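The report below describes a fold from its overall composition to its sheet, its helices and its core.

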Amino acid sequence: MSRETVSTDSFGRIADRMHFAQGVKANGLMFCSGVIGFDKATGQACESAEDEFRAAFESIGELLGAAGAGFDDVVEMTTYHVAAATREEDGANMAAFGKVKDEFIGAEPPFPAWTGITVTGLALPGSRAEIRIVAKLPD
């Protein structure tokens, strides 16, 4: 099996420091490492959930583009959501995530397969979600 590493500046240098690939092309698929949206000016978690999710999807879009793919090529998405302190906050975060997801992935079929997992924390303190995708590369 041949594989090719794909990278962009959208992750900053964390992938290099932590010794992982932002993305890997293999067997006609693009595998994207988990992406946390962050404020590129500060390197910290975004103030609002919507800004965080938009930053993550923008970074994913850059990586897909570097591989010659786009959001229409996404076949699977796995998301990790940090449990909020209250049900109301969880609901607001998921509503914001759904809004931003629909902007990038689309609100009409065909949809990618999606698994959402609740976790207690992520690598960047204060983050609300991490997104990883698999996309089919265009022929």
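Two strands are said to pair if DSSP finds at least two bridges between them, and the elements themselves are DSSP runs numbered from the N terminus, with helices being H or I over at least four residues and strands being E over at least two. The model is a predicted one, in which local features need pLDDT of at least 70 and side-chain atom pairs count only at pLDDT 80 or more, while totals for chains, interfaces and linings use all residues. Residues are numbered from 1 along each chain as its sequence is written, and side-chain values use heavy atoms, with hydrogens and water left out.

**Overall composition**

The protein contains 3 helices and 6 strands, arranged along the sequence in the pattern β-α-β-β-α-β-α-β-β. Its radius of gyration is 15 Å, close to the 14 Å that the globule rule gives for 139 residues, so the protein is as compact as a globular protein of that length; here the radius is taken over C-alpha atoms, and the rule is 2.2 Å times the number of residues to the power 0.38. Along the principal axes, the C-alpha atoms fill a box of roughly 45 × 40 × 25 Å. Of the contacts between residues at least 6 apart in sequence, 72% join residues at least 24 apart, where contact means heavy atoms within 4.5 Å.

**The sheet**

The 6 strands form an open sheet with the order β1-β2-β3-β6-β4-β5 and mixed pairing. Its edge strands are β1 (3-6) and β5 (113-119), each of which pairs on one side only, and the twist averages 15° from one strand to the next. Strands of a sheet pair through backbone hydrogen bonds, either parallel or antiparallel. The pairings are set out below.

| Strands | Sense | Bridges |
|---|---|---|
| β1 and β2 | antiparallel | 4 bridges |
| β2 and β3 | antiparallel | 4 bridges |
| β3 and β6 | antiparallel | 5 bridges |
| β4 and β6 | antiparallel | 7 bridges |
| β4 and β5 | parallel | 7 bridges |

Threonine 5 stands opposite valine 24 in β2, and glycine 23 stands opposite cysteine 32 in β3. Strands β2 and β3 form a hairpin with 2 residues between them, and asparagine 27 in the turn has a positive phi of about 50°. Further along the sheet, methionine 30 has alanine 135 in β6 as its bridge partner, histidine 81 stands opposite alanine 129 in β6, and threonine 79 stands opposite glycine 116 in β5.

**The helices against the sheet**

Helix α2 (residues 49-66) lies across β1, β2, β3 (29-35), β4 (74-82) and β6 (129-136), and runs at about 25° to β6. Angles of this kind run from 0 to 180 degrees between N-to-C directions, the axes being lines fitted to C-alpha atoms, for helices over the stretch in contact. The buried residues of α2 include Phe53, Phe57, Ile60, Leu63 and Leu64, where buried means under 20% relative accessible area with a 1.4 Å probe and protein chains only. Their cover includes β1, β2, β3, β4, α3 and β6. Glycine 68, which follows α2, has a positive phi near 85°.

Helix α3 (residues 87-105) lies across β4, β5 and β6, at about 160° to β4. Its 19 residues reach 26 Å from first C-alpha to last, close to the expected 27 Å. Asn93, Ala96, Phe97, Gly98, Val100, Lys101 and Ile105 are the buried residues of α3, and they pack against α2, β4, β5 and β6. Just after α3, glycine 106 takes a positive phi of about 110°.

**The core**

In the protein, buried residues make up 38% of the 139 residues. In soluble globular proteins, nonpolar side chains tend to be buried together. A nonpolar core is a set of buried Ala, Val, Leu, Ile, Met, Phe, Trp, Tyr and Cys residues joined through side-chain atoms within 4.5 Å. The largest such core has 25 residues, and those with the most contacts inside it are Met30, Phe57, Ile60, Leu64, Ile131 and Ile133. At least two of its residues come from each of β3, α2, β4, α3 and β6, with α2 giving the largest share, 7 residues. Leaving aside neighbours within four places in sequence, isoleucine 131 is in contact with residues that include Val35, Phe57, Ile60, Met77 and Phe97.

Notes: Buried means under 20% relative accessible area, exposed over 50%, partly exposed in between (1.4 Å probe, protein chains only). The expected span of a helix is 1.5 Å times one less than its number of residues.
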